[in-house]
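I opened this notebook to record what I looked up in the structure, beginning with a cut-off and going on to charged pairs, a surface patch and the chain as a whole.

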Amino acid sequence: MTLVNPVVPAAVQAPPHGVSWGEAMRVWTRVALLSFGGPAGQIAVMHRILVEEKRWISEERFLHALNYCMLLPGPEAQQLATYIGWLMHRTAGGLAAGLLFIVPGVVAIMALSIVYVAFGNIGPVAALFFGLKAAVLAIVVEAVFRIGRRSLKNDAMVALAAAAFIAIFFFDLPFPLIIIAAAVIGFAGNAAGLARFNLSASHGSAKKGALPAEATLLGDYVPDYAKPNLRRTIIVLLVWLAIWLIPVAAVIVLTGSDSVFSTIAVFFSKMAMVTFGGAYAVLSYVAQEAVQHYGWLKPGEMLDGLGMAETTPGPLIMVLQFVGFMAAHRDPGSLSPMTAAVFGGLLATFVTFAPCFLWIFVGAPFIETLRGNRALSAALSAITAAVVGVVLNLAVWFAVHALFKATVPVRAYGLKFDAPVIFSLDPWAFALSVIAAFLIFRTKVGMIPTLGICAAGAILLHLAGAV
């Protein structure tokens, strides 16, 4: 199978894949509508469709793109779609693939958020979210085990995870500081020649029997726009910084630096730069700030938002739209609460995802320079280990606020956390969490059935007068 004419320079050849724009849009729409189950499920869907079914790219090239996306802050599955869309159809293809990946989630989360604030106190609706909280707790605990099995390969990684958990849960240290400290430790460990820090950042090697590059539509072809070019890189960087930051500046100027909208724009722009480790990791820091510092949400509401994100297509980080929605609804300024909430939710979404396109369009041409870099691999291994501790903190935080009706603040000797009042344990929340854990860990029925069963159980408990 010949994909590149050896007589014509590769830089001036048309891409050999032959995939039309219309077909690409149909495929990316299909990927978006099937993107349930968190990043693992979303990446698996893309692999099945793009590598195995459509044969657009090879296994090796798919994994190379995925490994690059894992280096970046933000949702790796959405960035992987953007990367492959860009590789197939330039910037327009990347934009289409990346935007289509999040549109179903934006619409679904917005609709559920409106229902939540309008009808959340009605018995059946409240019971529905009561059941979702129990299921979400089990899902987050499962995420701790899943990430831990992949990341904690030796005692040094376990120690980093434990230190990260202690730092964020007991001492309330900020998430970005923990990530930076872990990266420094990883670099130092590599510089000292410690083998414990020289773990591969890869998701794995190509499967046995996988299609070779020449049997796929794209093959090993590297289009001209995918090669490093300093002038083009500077232009793309400036354009995407403007797309991201000019709206943020406009919001600050038009609404005032102290408005909730300015705070949302700045806060979630910061999040976009430090969201390493996936949604579960960053949610711990968002919960810490949104609940304790800004007072945008109550602890239980953060669980409700994650339940929404778990049951809708798109990245789990879409829960940040719910956070922005609730923040603006509670502090609408001169706008009506619902209008402010819709704007706050969309603003949070925009500043969360705009940088994702910047990272891909600017950095993707340079990905070859990142392959095999031992120092970078060591830093990423340390960061991933710290993320396990951060996600464990999220699981414990959720458990405290989902299972207990009362907590006691502990503020002494540098400690800063909320301890549960043991006798305030909610028996029905505990029972539903046990059922969810059984379904997730023992029967392995999957996330969506578990959420459905727990939600249905909570509604039955409501009808019986128990909750």
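Before reading any accessibility, I set down the cut-offs: a residue is buried under 20% relative accessible area, exposed over 50%, and partly exposed in between. I also note that this is a predicted model.

Entry, aspartate 418. I looked up its relative accessibility and found 21%, so aspartate 418 counts as partly exposed. Its salt-bridge partner is arginine 411, with the closest N and O atoms 3.7 Å apart, and arginine 411 is itself partly exposed, with a relative accessible area of 48%.

Entry, lysine 416. Which residue does lysine 416 form a salt bridge with? I found aspartate 172, the closest N and O atoms being 3.5 Å apart. This pair links distant parts of the chain, 244 residues apart, since lysine 416 sits in the loop between strand 1 (407-410) and strand 2 (417-420), while aspartate 172 sits in the loop between helix 6 and helix 7.

Entry, arginine 30. I looked at the salt bridge between the side chains of arginine 30 and glutamate 53, for which the N to O distance is 2.7 Å. Arginine 30 lies in helix 1 (residues 21-33) and glutamate 53 in helix 2 (residues 38-53), so this pair ties together parts that are 23 residues apart in sequence. Both ends are partly exposed, arginine 30 with a relative accessible area of 31% and glutamate 53 with 41%. For the structure I noted a total of 6 salt bridges.

Entry, phenylalanine 171. I found phenylalanine 171 in the loop between helix 6 (155-170) and helix 7 (175-191), and I recorded a relative accessible area of 36%, which means that phenylalanine 171 is partly exposed. Together with Ile166, Leu173 and Leu177, Phe171 makes a nonpolar surface patch of about 330 Å².

Entry, the chain. I counted out the secondary structure as 16 helices and 2 strands, and I noted that buried residues make up 52% of the 467 residues. The accessible surface of the chain comes to about 20,100 Å², with 68% of that area belonging to carbon and sulfur atoms. Finally, I looked at contacts between residues at least 6 apart in sequence, and of these 76% join residues at least 24 apart.

Methods:
Residues are numbered from 1 along each chain as its sequence is written. This is a predicted model: local features need pLDDT of at least 70, side-chain atom pairs count only at pLDDT 80 or more; totals for chains, interfaces and linings use all residues. Side-chain values use heavy atoms; hydrogens and water are left out. Patches are made of residues with over 30% relative accessible area and no salt bridge: like charges are joined within 9 Å, nonpolar side chains (Val, Leu, Ile, Met, Phe, Trp, Tyr) within 5 Å. Accessible areas come from the Shrake-Rupley method with a 1.4 Å probe; for residues, only the protein chains shown count as cover. A salt bridge is a side-chain nitrogen of Lys or Arg within 4 Å of a carboxyl oxygen of Asp or Glu. Helices (H or I, at least four residues) and strands (E, at least two) are DSSP runs, numbered from the N terminus. Buried means under 20% relative accessible area, exposed over 50%, partly exposed in between (1.4 Å probe, protein chains only). Contact means heavy atoms within 4.5 Å.
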